Amino acid sequence: MISEFISGIDAYGRAGKYYFKPFAVKYILLSGLLSLVFFLVLMGVIFQWGDNLGLSIIGLFTDGDLADWLSKLIRAVSVVLLWTIVVFIFKYLVIIIIAPIMSILSEKVEQLETGKPLDLKLSIWDQLYLMLRGLRLALSNIGRELTLTFILLLLSLIPGFIIFTTPMIFVVQAYYAGFGNLDLFMERHFDVKGSRAFVGRHKAASVANGAVFLALLLIPFVGAFLAPAISTMAATVTGVELLEKDDFS
C-alpha cells in the first residue's frame, strides 16, 4: 500500500513529459480558465457567507470567557468547514462540467502510455451514456463523502479532536478527488460497479492522486488553474500502470 501511494505521487512526475505537449497545453488552458472561474466564485461566495455566519454564532454568547473560548473554537472549525465546502463543491463541479474535456485529455495520455490507438469514435448516444455514467458516480460519491465528512466535522466539535479529524477529513477529500480523476481513465474500461471495485483495490493510489490535487489547490490561483488537468494526466498514468498488473482487470 505504501509503495502504491508513493507511486501515485510519483505519477505526477512521470506524467511531466506530457505537460508541455501541444495537445496537453490546449486542454490545460481551456480547463484551467473554467476551473479558475469556478474556484474564485466559490471562494468569494462561501467565505463571505461563512464569515457572517461565524460572527452571528459568536454574537449569541455574551459571557466573556465563554465567548472567547467559543470564538476560537468556532473560527478553527469554520476554517476547516469552509475549506472543505469549497474543495468539495469545486471538485464535483470539475467532474461534472469539464469532465468531457478531461476525458479527451486522459484518452490521449493513455494512447501515448500504451502505444496503442484507442478506437473510441463515440456516437452521440455513447457520449450521453458516459456523461450520465459520470453523473451517477459523482452523485453516489457525493453522498458517501458527505456522510463521512459530516461525522468527522461533528467529532471536531469535541475539544482536542480537531487535531485528529482535520487530517482524516483531508484523507477523505483526497480519496474521492483521486477517485474522480481516476474514473476519467476507468470509464473506458469499467462500468460504475467495476470502477468502484478497481479503486477499492487501489485506495492508496486514489488518495495519493487526490492528495496532490488538494495540495495544488493551496497555491493561490495557479493551483485551481492547473490541478484538474495535471491530476487527470497523473491519474491516467497511474491507471494504465495499475490496470496492467491488476489480476482482476
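This is a short walk through one protein model, from its overall fold to a few side chains.

Okay, some housekeeping. The model is predicted, so local features need pLDDT of at least 70 and side-chain atom pairs count only at pLDDT 80 or more, while totals for chains, interfaces and linings use all residues. Residues are numbered from 1 along each chain as its sequence is written, and side-chain values use heavy atoms, with hydrogens and water left out.

Let's start with the fold. Of the 249 residues, 48% are buried. Buried here means under 20% relative accessible area, exposed means over 50%, and partly exposed sits in between, with a 1.4 Å probe and protein chains only. Now contacts, meaning heavy atoms within 4.5 Å. Among contacts with a separation of 6 or more, 82% are between residues 24 or more positions apart.

What about the outside? The accessible surface is about 13000 Å², and 73% of that belongs to carbon and sulfur atoms. These areas come from the Shrake-Rupley method with a 1.4 Å probe, and for residues only the protein chains shown count as cover.

Next, the inside. In soluble globular proteins, nonpolar side chains tend to be buried together. A nonpolar core, for us, is a set of buried Ala, Val, Leu, Ile, Met, Phe, Trp, Tyr and Cys residues joined through side-chain atoms within 4.5 Å. The largest one has 64 residues, and those with the most contacts inside it include Tyr-12, Phe-90 and Leu-217. Helix α9 gives the most to this core, 12 residues. If you click on Leu-217, leaving aside neighbours within four places in sequence, you'll find it in contact with Phe-39, Trp-83, Val-87 and Phe-90, among others.

There's a nonpolar patch on the surface too: Ile-96, Ile-97, Leu-128, Leu-132, Leu-135 and Leu-139, with about 500 Å² of accessible area together. Patches take residues with over 30% relative accessible area and no salt bridge, joining like charges within 9 Å and nonpolar side chains (Val, Leu, Ile, Met, Phe, Trp, Tyr) within 5 Å. Helix α5 brings the largest share, 4 residues. Ile-97, over in helix α3, is partly exposed at 42% relative accessibility.

Now salt bridges: a side-chain nitrogen of Lys or Arg within 4 Å of a carboxyl oxygen of Asp or Glu. By that rule we get 5. Which residue pairs with Asp-10? That's Arg-14, with the closest N and O atoms 2.8 Å apart.

One more pair: Glu-110 and Arg-188 meet in a salt bridge at 2.8 Å, N to O. Glu-110 is in helix α4 and Arg-188 in the loop between α6 and α7, so they tie together parts 78 residues apart. Are these two buried or exposed? Both are buried. Thr-236 touches both of them, along with Ser-106, Val-109 and Phe-185, and Thr-236 is itself buried, at 0% relative accessible area.

Conventions
Helix = DSSP H or I, 4+ residues; strand = E, 2+ residues; numbered from the N terminus.
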